Amino acid sequence: MSTIFSKIINKEIPTDIQYEDDLCIAINDINPKAKIHLLIIPKKEIQNINSADENDQEILGHLLLVCKKLAVDLKISESGYQILTNIGEGGGQTVMHLHFHLLSGNAVTL
Ligand code: 5GP
């Protein structure tokens, strides 16, 4: 089922897209939990890691490499950052379209 992220990807809702390529976009989180808080979102509608399969290997690897590239661009790769994905309601997922949170500035402690 489509979510607000599909509307953002399809440019139906204007958003400050920080990065875009054929497979994904990166945007600033509307409600940042850290000094830097980006969302890296595949253009393909995948609900979360549970619904990903072997056909999504390239996308999943790509998303992580884009996180790394953005961390370098934002000059946080040396100081450190977090990549986080929530899975399902019990895992804290509120938007049911796969995304990685890229966080830096005040670490979420586990
Ligand atoms: P989740 O809780 O599913 O892991 O993360 C969803 C994230 O999407 C939340 O951190 C929330 O602030 C963010 N978010 C929800 N709606 C929008 C929106 O319309 N625009 C942006 N930029 N972020 C959103």
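**Reading the pocket and its ligand**

The largest pocket of this predicted model holds about 450 Å³ of space.

Colleague: Which residues are closest to the centre of the largest pocket?

Modeller: The general idea first: rolling a probe the size of a water molecule over the atoms shows where empty space is left. Here, 24 residues line the largest pocket, and Phe-5, Asp-29, Ile-30, Leu-39 and His-101 are the closest to its centre.

Colleague: And which elements supply at least two residues each to that lining?

Modeller: Look at helix H1 and at strands S2, S3 (36–42) and S5 (100–104); each of them supplies at least two. H1 has the largest share of the lining, with three residues. By residue class, the lining of the largest pocket divides into 11 nonpolar, 10 polar and three charged.

Colleague: Where does the ligand sit?

Modeller: You will find the ligand in the largest pocket. There are 17 residues around the ligand, and those that come nearest are Asn-28, Asp-29, Asn-86, Thr-94 and His-101.

Colleague: Which element gives the most to the shell around the ligand?

Modeller: That is H1, with three residues. Helix H1 spans 4–9, and strand S2, at 24–28, also supplies at least two residues of the shell. Seven residues of the shell are nonpolar, eight are polar and two are charged.

Colleague: How do I read the polar contacts? Which side-chain atoms lie 2.8 Å from an oxygen atom of the ligand?

Modeller: Look for pairs of N or O atoms within 3.5 Å. In the side chain of Asn-86, an N or O atom is 2.8 Å from a ligand oxygen. His-101 has a polar side-chain atom that also lies 2.8 Å from an oxygen atom of the ligand. Gly-92 takes part through its backbone, with an N or O atom 3.1 Å from a ligand oxygen.

Colleague: How much of the ligand's accessible area does the protein cover?

Modeller: On its own the ligand has 520 Å² of accessible area, and the protein covers 85% of that.

Colleague: Let us turn to the backbone. What is the phi of Lys-11, and what is the phi of Lys-75?

Modeller: Again the general idea: most residues other than glycine have a negative phi. Lys-11, however, has a positive phi, near 60°. Lys-11 lies in the loop between H1 and strand S1 (17–20). Lys-75 likewise has a positive phi near 60°, and its loop runs between helix H2 (57–73) and strand S4 (82–84).

Terms used. Residues numbered from 1 in each chain as written. Predicted model: local features only at pLDDT ≥ 70, side-chain atom pairs only at ≥ 80, totals over all residues. Heavy atoms only, no water. Near = heavy atom within 4 Å. Polar contact = N/O pair within 3.5 Å; in protein donor to acceptor, adjacent residues only side chain to side chain. Areas by Shrake-Rupley, 256 points an atom, 1.4 Å probe, with all protein chains shown as cover. 1 Å grid on protein atoms, 1.4 Å probe; cavity = no way out; pocket = protein on both sides within 12 Å on 5 of 7 lines; lining within 4 Å. Sits in = over half its atoms within 2 Å of the grid points. Helix = DSSP H or I, 4+ residues; strand = E, 2+ residues; numbered from the N terminus. Nonpolar A, V, L, I, M, F, W, Y, C, P; charged D, E, K, R; others polar. Points joined across faces, edges and corners; volume = space filled by probe spheres on them.
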